[in-house]
Amino acid sequence: MKIPRQKSALALLLIALAAGGAYWYRQSSEQSLEQRYKVQAIERGDLTQTVSANGTLNPVVLVNVGTQVSGTVTRLYVDFNDQVEKGQALLELDDRLLAAQARQSEANVVNVSAALDLARATEARMKALFEQEYISRQELEQAIQTRRSTEAQLAQARAAAEKDQVNLRYTTIRSPVSGTVIDRVVDLGQTVAATLQTPTLIKIAQDLSEMRIDSSFAEADIGSIREGQKVRFTVDAFPNRSFQGQVQQIRLNPTTQQNVVTYNVRVSLSNPDHLLLPGMTAYVSIGVASREDALLVPNAALRFKPSETNGSGGGNGDKPASGAPPAGGPSATSGSGGAGEARGKGKKRDTASGTVYVIDQGELKPVSVQLGITDSRNTEVVGGELKAGDKVVIGENIASSSGKPSSVGMRLF
């Protein structure tokens, strides 16, 4: 009976070794949660919320120089980027036709002046004859009327002559302001016709050291923009450099395009080095809110949704769009410690809510938080159980032995 007992002990030992080996193999093949998920510690810091839009750089004063008379361009005195002074000649039009018309008007003035001299002399003779009762009063009044009519004709002829002289001077186009020529529309020998509207010949920017940005902000952002706010912007020509400006004006005239309402926000800025050129695209950012020493949670943690939750909570239904919680965002989840939780259906909230995941005692635990302002990377936490130093899950490691797909990575369909 001793041998069967030894066989039974050996069998039990083999079973225990097999179970221990299987348990050890399973434990070693499975990754811990800390290895499977990427975590990041909650920190405190300063946060600034901004609103952004694109705009176009324009000169403060842009003058379109045109012509009031028609003609062919015979001389050009300026070209692109030339500096001009007020009153300087820019170009000349062919003036032969207008000069001939001006001479004709001057001749007409001389002709009417001679007729007026004759009418005055006739009136004087008629007065003398009337005093001697050689003519009737009607003949005297007719002579007076002829003299007055001739005076009116002389005034009309002189006005026509002055008009023709003005038109003749208009054949020389002069600069109305001092500035820089940024565009020249005409060339030598080109014919311009000023019939229904004044054609633009040259564009002059009065002062390129002071410029403006005309940007279009959505109606959702316009309520947080005020005149005098500081503005930061970049341009493609200098991608590594940031420029500053100031909100000058919010135009009250809305623009609606494809059911999207935008408002023109004009930004004033200094350009002493003339680095910024008219027509450049500016990427404008305006700081509308800021917090100091705020509790910051990464936006990636708010976007994270695990492929499966161990033990507690379901999926994260409070996933904010574009990494930031929208104003009046999704309703609060039923977590403890939330500031001002909405218990009634449809109750309006002052802050947005979200859910982040932490690793607690080997399990993935959802935590509800109340959110404040946000930027492109972090969001302010104004309520909830999180504190500085807590580690939140921001994603899954790509290399996972469990074979579970990452919720943050790309899905294949």
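User: In which sense do strand β6 and β7 pair, and over how many bridges?

Analyst: This is a predicted model. Strands of a sheet pair through backbone hydrogen bonds, in a parallel or an antiparallel sense. Here β6 (residues 89–93) pairs with β7 in the antiparallel sense, over 3 bridges. Look for Leu91: Ile173 in β7 stands opposite.

User: What is the strand order in the open sheet?

Analyst: The order is β7-β6-β4-β9, 4 strands with antiparallel pairing. The edge strands are β7 (172–174) and β9 (191–192), each pairing on one side only.

User: Where does Ser175 lie, and is Ser175 buried or exposed?

Analyst: Ser175 is in the loop between β7 and β8 (179–184). Its relative accessibility is 3%, so Ser175 counts as buried, the cut-off being under 20%.

User: Which residues does Ser175 touch, leaving out those up to four places away in sequence?

Analyst: The contacts are Val84, Glu85, Lys86, Gly87, Gln88, Leu90 and Ile204. Take Val84: 91 residues separate it from Ser175 along the chain, yet their C-alpha atoms are 7.2 Å apart. The Ser175 side chain also reaches the backbone oxygen of Val177, at 2.4 Å.

User: Which residues touch the most other members of the largest nonpolar core?

Analyst: In soluble globular proteins, nonpolar side chains tend to be buried together. The largest nonpolar core here has 22 residues, and Phe217, Ile225, Phe233 and Leu276 touch the most other members. Strands that each supply at least two residues of this core include β2 (43–59), β11 (210–218) and β15 (281–298). Another core, of 20 residues, lies apart from it, with Val78, Ala99, Val177 and Ile202 among them.

Note on methods: Residues numbered from 1 in each chain as written. Predicted model: local features only at pLDDT ≥ 70, side-chain atom pairs only at ≥ 80, totals over all residues. Heavy atoms only, no water. Pairing = 2+ DSSP bridges. Buried < 20%, exposed > 50% of the residue type's maximum accessible area, 1.4 Å probe, protein only. Contact = heavy atoms within 4.5 Å. Polar contact = N/O pair within 3.5 Å; in protein donor to acceptor, adjacent residues only side chain to side chain. Core = buried A, V, L, I, M, F, W, Y, C linked by side-chain atoms within 4.5 Å.
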